Amino acid sequence: MGQSKVQRHTVQWYSEGQLVWVCKVADGACVQPYYPTSSERSFCCWEKQGEEGKAFDFRTPVCSDLSLFAVYSEQQTSMEGCFAVGAGAGSLLVSHWQEHESLRMQQTDADTYRIALVLYRGDTLQFKQAGTWRGQMGIAGLVPDGERESFCFFGTAEHGDIIVQQSGEYVFEWHRGEQPCVKVKRIGDAPEGLCYPDWYIVGDMNAWHAEQAYWLTADGDVYTAILEIDPKVFGATQAQCHFMLHNPITGQYRGAPDGGHLSVPCGTYRITARLPLGNLSIEPIDPEQEE
């Protein structure tokens, strides 16, 4: 099945009057957060041009070029303590990428911080110094600690988010010396049935919102759903519907291999995905044969 060429938009990030980052995002996809690192003040959030006073929601699909401006606290950055931050189930359920007291790392010596976390497959996290994103540690700083079977993570390109591959209870140690690194050890299984992330189809047909009607059912690592695209919604049988898979707990999206959205003509399809790694297929079906 062919796909139309994906339109891309430019996202520009400004910090203290200076352009600090530029990236491209596919039309209808969500841009991943970027964190400024040059300011001594505490970073608060990003604001969209023309929407001052309102924090930008990174779950918003990008449909045109976008300019974002960093907002800082007037207070000086606190240098005390380190935190695990992220999005997901288990220990990360309270975070939403904000510092939470239950995720404060315990200092064991002058340059070492330690924390135990219950994590589930698909959870996303980094480690950061309190009050700032300067010097945070993600996948770029992770090294095996001699027990490679416990090294169960991979990162998402430029900003180093850690994405959990195997649910379990983990201990992390952040060593902040001249050669900083994060060491990780899996010490046990996570409680069963607590939260394996739900995935939904979001796109033109449901205004990019997660709805139960577009929920993917899970059988182990395989997720499936039937996607019905009514021609009446688009006014023409050959209209293209754009969509992605979305996990509202972790905030993650899955689409085309290049990060853009998927596009199909109106009709009925079986969506099959093996997550979190991908391997997504789209198969046109006859709805009458499904009944």
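Okay, one definition before anything else: when I say buried, I mean under 20% relative accessible area, exposed is over 50%, and partly exposed is whatever falls in between. Keep in mind that what you're looking at is a predicted model.

So, let's start with T224. Buried or exposed, or something in between? Its relative accessible area is 28%, so T224 goes down as partly exposed. You'll find T224 in strand β15, which covers residues 222-229. Leaving out residues up to four places away in sequence, T224 touches W215, L216 and T217, and also I271 and T272. And then there's S281: 57 residues from T224 in sequence, but 9.7 Å away in space, going C-alpha to C-alpha.

Let me zoom out for a second. The chain has 20 strands and two helices. Of its 291 residues, 45% are buried. If you take contacts between residues at least 6 apart in sequence, 58% of them join residues at least 24 apart.

How many do we count? Four. I'll walk you through some of them.

Take E99 and K128, whose side chains meet at 2.5 Å, N to O. E99 sits in the loop between β5 (82-87) and β6 (106-109), while K128 is in strand β8, residues 124-129, so this pair ties together parts that are 29 residues apart in sequence. Now look at how accessible the partners are. K128 has 4% relative accessibility, so K128 is buried. E99, at 34%, is partly exposed.

Next, E283 and R270, with the closest N and O atoms 3.1 Å apart. Here we go from strand to strand: E283 is in β20 (residues 278-284) and R270 is in β19 (residues 267-274), so the bridge ties together parts 13 residues apart in sequence. E283 comes out partly exposed at 39%, and R270 is partly exposed too, at 23%.

Then there's R186 with D189, where the closest N and O atoms are 2.7 Å apart. Why does D189 count as exposed? Because its relative accessible area is 60%, and the cut-off for exposed is over 50%. R186, on the other hand, has 23% relative accessibility, which makes R186 partly exposed.

After that, pick up K128 in β8. That's it from me.

Note on methods
Residues numbered from 1 in each chain as written. Predicted model: local features only at pLDDT ≥ 70, side-chain atom pairs only at ≥ 80, totals over all residues. Heavy atoms only, no water. Helix = DSSP H or I, 4+ residues; strand = E, 2+ residues; numbered from the N terminus. Buried < 20%, exposed > 50% of the residue type's maximum accessible area, 1.4 Å probe, protein only. Contact = heavy atoms within 4.5 Å.
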